[in-house]
Amino acid sequence: MPVEAGERVAARIDEARLWQRHMEMARFGGTPAGGVNRQALSEADGEARRQIVGWAQGRGYEVASDAIGNLFIRRPGRDANAAPVIGGSHLDSQPTGGKFDGAYGVLAAFEVLEALDEAGIETRRPVEVVSWLNEEGSRFQPGTMGASIHAGSVFLDDILHVTDADGIVLSDALKAYLATTPDLPERPFGFPIAAYVEPHIEQGPVLEEAGESVAVVEGVQGLRWFGVEITGEAAHAGTTPRALRRDALKTANAMLTRLYQAAQDQADLLRFTVGRFEVLPGAPNTVPARVYFTIDLRHPEAAEIARMTHEIEAATRDLTAPCEAAASRLADSPPTVFDAEVVATLERWRDRLGLAGRRMMSGAGHDAMHIARVAPAAMIFVPCEKGISHHESENAKPEDLAAGARLLAATLTDLALRD
Ligand SMILES: [Zn+2]
């Protein structure tokens, strides 16, 4: 087989340099426990932005921003008018986040630009790095803010008034953030993207357990949230006989017993979580008058989410007497199926580069699910230690990060050489 351009670029991925950049980036918002607190639009987020812009300008790349602060670093191709091929992710973190969630995708894509330079490859299309603004949504909601605005599913004007927990308005925080990198040319939202590939740590244990270094991600499972409210009646715990009780917790217990049972799918693909549970008035000697709980439901297939929705509605209807119950939908995000051609290209390169890995669905939401609505998109996962993420102890191996970057390098090069 002749050596293809993608292989030459992959061979230039520098594991030590990529790791070093992670350590340098982790200084911005670095916590004593070794994690990162780099919430969107914070001072640390602005410093991280200034750092990557500095690296990019040092290499002579063109840097641009859009009005929400999505950042684009461009290595030009032969055809200046061709839509770019883009790799990247996000630089913001959870308040007690780690060094790799998000940062990996941006730094791996940046490594690809450098590898393209060092391999001396001229692509037809420009190759770009993106850092989407505010993926995490821990400070300003909604999360995946920059990617959803790019994709047109959220409008900038509708969210500029949003405030954080300290009452700081998004528009003010954004102004200060954009001022960290003045004089960048402005990109419009929604410009055409030829293909988008997002590398990310898996945030789950599957790859590490299997001893595999990469996964080609073919989609993102769907998610639906419910809030369930059960209304009974407060009464004295010592004096009220069973027949006269309207115990909201007893009803909740009956409903949840049935729902946990219904959620036991054979394939273990359904994710059913009650993460918040409130009992009122919450006194040891009073029959509970009210229970509120949330349900977080996830599955790769819309039909399974619909089946569980049906179960929740049935439980809310049939198991509630003598109380009343109502379930309301709090969030709904249908499953994402990534682009078949981008997925096939990733798999071809994974095999050609001799990387061990599988196909999988993402259990968590990512910027890529929004971009997939407007451009051919897919993702790469690499293992992280014990699957731990959104935690200061988040960790990954330099060789796995490099393996994912090699797959990204070959794939973006291949896609950028195409018409
Ligand atoms: Zn992330």
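Buried area is the accessible area, taken with a 1.4 Å probe, that two parts lose on being put together, summed over both. In this predicted model, local features need pLDDT of at least 70 and side-chain atom pairs count only at pLDDT 80 or more, whereas totals for chains, interfaces and linings use all residues. Residues are numbered from 1 along each chain as its sequence is written, and side-chain values use heavy atoms, with hydrogens and water left out.

**Domains**
- The domain assignment, where bounds come from an automatic or database source, gives domain 1 (5–221 + 335–417) and domain 2 (222–333).
- The centres of domain 1 and domain 2, taken over C-alpha atoms, are 38 Å apart.
- Seven residues from domain 1 and 10 residues from domain 2 make the contact (heavy atoms within 4.5 Å).

**Interface**
- Domain 1 and domain 2 bury about 540 Å² between them, with carbon and sulfur atoms giving 55% of this area.
- Gln221, Pro335 and Met361 lose the most area on the side of domain 1, together 83% of what that side buries.
- The side of domain 1 that touches domain 2 has five nonpolar residues, two polar and no charged; Ala, Val, Leu, Ile, Met, Phe, Trp, Tyr, Cys and Pro count as nonpolar, Asp, Glu, Lys and Arg as charged, and the others, Gly among them, as polar.
- Between domain 1 and domain 2 there are zero salt bridges (a side-chain nitrogen of Lys or Arg within 4 Å of a carboxyl oxygen of Asp or Glu).

**Cysteines**
- The structure holds zero disulfides (cysteine sulfur atoms within 2.5 Å).
- Cysteine 384 is buried at a relative accessible area of 1%, and cysteine 323 is buried at 6%; buried means under 20%, exposed over 50% and partly exposed in between (1.4 Å probe, protein chains only).
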